Amino acid sequence: MQKEIYEKIIAKKEFSDLPKKDVEKVWDLFERRQTSDEDKIKLTRDLLRKVYFAFGSNKLLNPKIIDKKGVDEILKKHISTRERFDFYSELYKKLLAGFKGEISVIDLGAGINGLSYNYFEQPVNYLGIEAVGQLVDLMNYHFKTRGIENSGAVKGSLFDLEKIKKMISQLSKERIVFLFKAVDSLEMVERNFSKKLLSEIVPLVDKVVVSFATRSLISGKKFNVKRYWFENFVKEDFNLIEKFELGNELYFILKNR
């Protein structure tokens, strides 16, 4: 990818703190189109916006919004977490059932989910891995100013599997991975990448939790989400512990065989 092209794409503030790997992967989808560089840059930005900012808000680019709005207010109103807000305590209790020791939660494509830390009812070491650097800053500001220790967020590409695996392997032994409403976005950039990702990380942890939205983000209309392709893949390669719906999300809990 030419440096000039890359710099034009990230010139807009919302794209300025994305991992270069992610920008390059999206650009690669359009690079061979028979059209101008300007059109390809626009197409790249449009898809980046759809993949990484479908849940976004420019207001969250300043971490100090936490001091003004409060954590619960942000979780309750932000499009990525509002449908989960009323169920956080119930959800986390269910997902962490069976863990007895020190628990490491690895939240892939975390968004702002690290702000829900106080809904864990047992000690957790939380690691959020998120591509949007501004949201990483927001979560880390929350952990630092609220005195939450042994937890944090890092900017990282979920397409950088070796780096993800290394970070997971360095954490305490009881590990659970969250992949909330991220599969569809990954598939937009690279078909079947979610299968590759799960094949690499499931053997490293005790459980992986994958969720899908069951209601349109735009209209709020309920839609039929069966995800047979995903369920069949899981049953073929892993143990499907449980599948359930809570709020407006469909959850799959899986583990290695």
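Phenylalanine 244 stands opposite tyrosine 251, a residue of strand β7, in a model that is predicted. The strand β7, which covers residues 249–255, pairs with β6 in the antiparallel sense, and the two are joined over seven bridges. Strands of a sheet pair through backbone hydrogen bonds, in either a parallel or an antiparallel way.

**The sheet**

- Seven strands make up an open sheet, in which the order is β3-β2-β1-β4-β5-β7-β6 and the pairing is mixed.
- Because β3 (152–155) and β6 (239–246) stand at the edges and each has a single partner strand, one side of each is left without a neighbour in the sheet.
- From one strand to the next, the twist averages 20°.

**Helices that pack on the sheet**

- Helix α7, made of residues 133–145, packs on the sheet and touches β2 (124–130) as well as β3, and its direction makes about 165° with that of β3.
- Helix α11, made of residues 228–237, also packs on the sheet, where it touches β5 (207–213), β6 and β7, and its direction makes about 150° with that of β6.

**Helix α3**

- Helix α3 has 16 residues, numbered 37–52, and it reaches 22 Å from its first C-alpha to its last, which is close to the 22 Å expected at 1.5 Å a residue.
- The buried residues of α3 are Lys40, Ile41, Thr44, Arg45, Leu47, Leu48, Val51 and Tyr52.
- An α-helix has 3.6 residues a turn, so residues three or four places apart point the same way.
- The partners against which the buried residues of α3 pack are α1 (3–9), α2 (20–30) and α9 (183–189).

How values were computed:
Residues numbered from 1 in each chain as written. Predicted model: local features only at pLDDT ≥ 70, side-chain atom pairs only at ≥ 80, totals over all residues. Heavy atoms only, no water. Helix = DSSP H or I, 4+ residues; strand = E, 2+ residues; numbered from the N terminus. Expected span 1.5 Å × (residues − 1). Buried < 20%, exposed > 50% of the residue type's maximum accessible area, 1.4 Å probe, protein only. Contact = heavy atoms within 4.5 Å. Pairing = 2+ DSSP bridges. Axes fitted to C-alpha atoms, helices over the stretch in contact; angles between N-to-C directions.
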